[in-house]
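Please read them with the coordinates open.

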Amino acid sequence: MKNAMRQAPDCILIGEIRDKETMQAAIAYAQTGHLCLGTLHANNSYHALNRIINFFPLENRTSLNLDLSVTLKAIVSQRLVRKPDGKRIPTCEVLLNTRHVGELIERGEVQAIKEAMEQTMAPGSQTFEQDLFRLYKETVITLDEALANADSPTNLSWLINNSEFGNEKREDKRAESPLNFGSEGGSGPSFKEFTLSLPIPKKTKPKMPHDPTLGLTEQLISCRSVTPEDGGCMPLIAERLAPLGFTCETINRGGVTNLWARRGTATPLICFAGHTDVVPTGPLDQWSSDPFVPSIRDGLLYGRGAADMKASLAAFVTATEAFVAAHPKHTGSIAFLLTSDEEGDATDGTVAVTEVLKARGEQMDCCIVGEPTAVSTLGDTVKNGRRGSLSGKLTVKGIQGHIAYPHLAKNPIHMVAPAIAELASTVWDEGNAHFPPTTWQVSNIHAGTGANNVIPGTVDILFNFRFSTASTAEGLKNRLEDTLKRHSVDYDIVWTLGASPFLTAEGSLVDAARSAIRDELGIVTELSTTGGTSDGRFIAQICPQVIEIGPVNASIHKIDECVAVEALPQLSGIYRRILEKLLPSSI
C-alpha cells in the first residue's frame with residue numbers, strides 16, 4: 001500500500017481494512033483526490049463508522065473526525081435475506097456524506113447519524129429498514145424475514161403501517177387493525193400512545209419474536225475481536241449503556257481496550273465483568289459457516305465467541321436495560337468492567353482497570369463474571385472461586401560429553417529424574433470443602449543438541465501447580481526446592497505466579513445467584529471451583545464477592561462454537577433477577 005501511488009492509479013481498492021495504518025492510508029489517498037474503495041466487517045453503516053473511529057486513540061479523534069467529514073463519500077452495507085423460495089437476495093443500507101452528516105461526523109456526534117439517514121432526502125440514501133420495506137412491498141420477501149433482518153423492527157413496522165401499501169392492506173379491516181391509536185372520532189391518529197400488533201402472513205411459517213439478547217449477541221459475534229482486538233464491541237455496548245445513565249470511561253493500556261461504565265454513586269456497587277476478545281478461529285474450512293457471521297441452525301447460534309463470552313455480554317446489557325426500566329430508582333449502583341485482553345497475556349486488561357480503581361479507592365461489593373460455567377445445561381454450575389496457578393521453569397545443570405564416555409560427563413536428566421518422580425508422587429495438600437487437592441504437573445522437558453551421541457549439558461523443565469487455599473505459593477516453592485536440594489540437584493529456577501486462589505463463601509451474592517437460577521429455570525445450581533484461571537482473580541483483589549455464571553462451556557474455543565438460542569433470554573433473566581435481589585427499588 002505504501003507504494004501504491006507509484007503506479008499512478010485512478011482508483012485504489014483495499015481488500016479489507018482491519019487496522020489504523022490501513023485506514024490512515026485510505027484517508028491519505030482520498031485527500032490526494034483518488035477514489036479509494038475498501039471493505040470492512042460491520043453490521044451496518046453506523047457500526048462501520050464506529051469501527052473506523054475506534055481504530056484511532058482518543059487524542060487523534062478531533063483531527064480524524066475532520067478528515068472523515070471531508071473525505072468520506074459513502075458507506076454501503078449489505079445483508080443477504082431469504083426469499084420465500086429459499087434463494088437469497090441482497091438488501092442494502094447506504095449512508096451518503098451529505099452536509100448534515102458531515103457536520104455530525106466533524107462534531108463526533110456519530111450516534112445521531114442513524115436518525116439523519118432516516119430523515120435525509122438525499123437521492124440514493126437509505127436505511128436497512130427502508131430497503132427491507134421496499135422488498136416486502138414488492139412481495140420479494142415475507143414480513144417475517146423483513147422484521148428478522150431489521151436493525152429496528154419497530155421502525156420497519158411503523159413504515160409498513162403508515163404507508164399507502166399498509167393502508168391498502170388494512171382497508172375494511174379496522175376492527176383488526178395492527179395499529180390501535182385509541183382515538184374516538186378525532187381528527188386523525190395520535191402518536192402519543194399506540195399498540196403495535198403486526199399479523200403474520202398466513203403463507204409464512206410463524207417464528208418466535210426476535211429476542212433482544214439474541215440480536216445483541218449476533219451483533220457482537222459479527223465484531224472480529226480476536227485477542228487483543230475489541231473489534232467494535234465496546235462502542236456497541238457503550239451505546240446501549242449511555243441512555244441508561246451510565247458514565248462510560250475507557251482505560252486503555254498497552255494497545256488493549258478496556259471499558260469501565262458505571263451508573264450511580266451509591267453502595268452497594270454490583271459489577272458485570274467480562275471480555276470482548278476471542279481466541280483465533282482455527283482452520284476456516286472446518287467451520288460449517290463463517291465464524292464471524294452469526295448463524296442459527298437447529299436451535300443453536302454459531303460463531304466465534306458465541307459461548308465465550310459474547311452471549312454473556314449481551315445478556316448483561318439486556319438484563320440491565322430491563323432492570324433499569326422496571327426499577328429506575330433502584331438502590332446502589334451498577335457497573336460494567338470489560339476488556340479485550342483476557343484470552344491473551346491478560347497483562348493490560350482487567351488488571352489495568354482494577355489497578356486504576358484501587359488507586360482511586362473505588363471498590364465493588366459484588367461482581368458477576370460472564371464466563372461459560374454450565375456443564376450440561378444453563379444454570380447447573382456457578383463458579384464461586386478458582387484455583388491458583390504457579391508456574392516454574394527449572395534448569396538443571398550437568399556437564400556435556402560424549403555418550404560413550406559417561407564418566408567424563410554429568411547427565412542432568414539422570415540427576416533430576418529421582419526428584420521428578422518424588423515431586424510427581426507428593427501429596428501437596430488434601431484440598432478442603434471448596435477446592436480439590438493441589439496438583440503438580442510437568443508440561444515440557446527439553447534437553448540435548450539434537451545429536452544422539454551427546455550427553456546434554458542442561459535440561460529445561462516447565463511445570464505448573466494448580467493450588468487451593470489449603471496451600472500458599474511461597475509454601476509450594478519452598479517444598480519443591482527442598483526436594484531438589486535433597487537430591488543434590490544443581491539448578492536454577494524462575495517462578496511465575498499466574499494467579500492466586502480466591503473463594504466467595506456463602507453470602508448475599510451466592511444466595512442471590514442460587515435464588516435467581518431457581519426462579520428462572522426451576523433447577524438447583526452447584527457451586528464449583530474447578531477449571532482454569534479467569535479474570536475473577538484480579539477482581540477479587542478489590543471485591544469481596546466474585547462469582548461466575550454463563551452458558552454451557554462444551555464448545556468454547558472449538559470449531560463451530562455455539563450457544564443454545566433458548567438459553568439467551570434465560571441468561572438475561574438470571575442476571576436481571578440477581579440485580580433485583582441485590583438492588584431493590586427505593587420506592
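1. Buried means under 20% relative accessible area, exposed over 50%, and partly exposed in between, with a 1.4 Å probe and protein chains only. Helices (H or I, at least four residues) and strands (E, at least two) are DSSP runs, numbered from the N terminus. By these terms, strand β16 (residues 388-397) has 7 of its 10 residues buried, so β16 is largely enclosed by the rest of the structure.

2. The model is predicted, so local features need pLDDT of at least 70 and side-chain atom pairs count only at pLDDT 80 or more, while totals for chains, interfaces and linings use all residues. Residues are numbered from 1 along each chain as its sequence is written, and side-chain values use heavy atoms, with hydrogens and water left out.

3. Overall, the chain holds 18 helices and 25 strands. Its C-alpha trace spans about 105 × 70 × 50 Å along the principal axes. Of the 587 residues, 49% are buried. A contact means heavy atoms within 4.5 Å. Among contacts with a separation of 6 or more, 74% are between residues 24 or more positions apart.

4. Which strands pair with β16? Two strands pair if DSSP finds at least two bridges between them. Strand β20 (residues 458-467) runs antiparallel to β16 and is joined to it by 10 bridges. Strand β21 (residues 491-499) also pairs with β16 in the antiparallel sense, over 8 bridges. K397 has T458 as its bridge partner in β20.

5. β20 has a further pairing, with strand β18 (residues 439-447), antiparallel and over 8 bridges. Here the bridge partner of Q441 is N464 in β20.

6. I75, S77, R79 and V81 make up the covered face, and A74, V76, Q78, L80 and R82 the uncovered one. In a regular strand the side chains alternate between the two faces of the sheet. β3 is joined by 9 bridges to strand β4 (residues 88-96), and the two run antiparallel. Q78 has C92 as its bridge partner in β4. The two strands form a hairpin with 5 residues between them, and G86 in the turn has a positive phi of about 95°.

7. A nonpolar core is a set of buried Ala, Val, Leu, Ile, Met, Phe, Trp, Tyr and Cys residues joined through side-chain atoms within 4.5 Å. The largest such core has 64 residues, and those with the most contacts inside it are W260, F336, M364, C367, I368, Y575 and I578. Helix α12 (residues 306-326) gives the most to this core, with 9 residues. Apart from this core lies another of 27 residues, among them A25, I27, V110 and M117.

8. What does I578 touch, leaving out residues up to four places away in sequence? The list is I368, L509, A512, A513, A516 and I549.

9. T320 lies in helix α12. T320 is buried, with a relative accessible area of 0%. Not counting residues up to four places away in sequence, T320 touches L244, F246, F272, I334, F336 and L579.

10. L156, in helix α8 (residues 153-161), also counts as buried, at 0% relative accessibility. Leaving aside neighbours within four places in sequence, L156 is in contact with E129, L132, F133, A146, L147 and A150. L156 and F133 are 23 residues apart in sequence and 6.7 Å apart in space, C-alpha to C-alpha.

11. A pocket is found on a 1 Å grid over the protein atoms alone: it is an open set of points where a 1.4 Å probe fits, with protein on both sides within 12 Å along at least five of seven lines, and lining residues have an atom within 4 Å of a point. Grid points are joined across faces, edges and corners, and a volume is the space filled by probe spheres set on the points. The second largest pocket has a volume of about 1300 Å³. Its lining has 45 residues, of which N54, F55, D230, G232 and P235 lie nearest its centre.

12. The elements that give two or more residues to the lining of this second largest pocket are α1 (20-31), α2 (45-54), α3 (61-71), α11 (233-241), β7 (247-250) and β8 (258-263). α2 contributes the largest share, 5 residues. The lining divides into 20 nonpolar, 13 polar and 12 charged residues, where Ala, Val, Leu, Ile, Met, Phe, Trp, Tyr, Cys and Pro count as nonpolar, Asp, Glu, Lys and Arg as charged, and the others, Gly among them, as polar.
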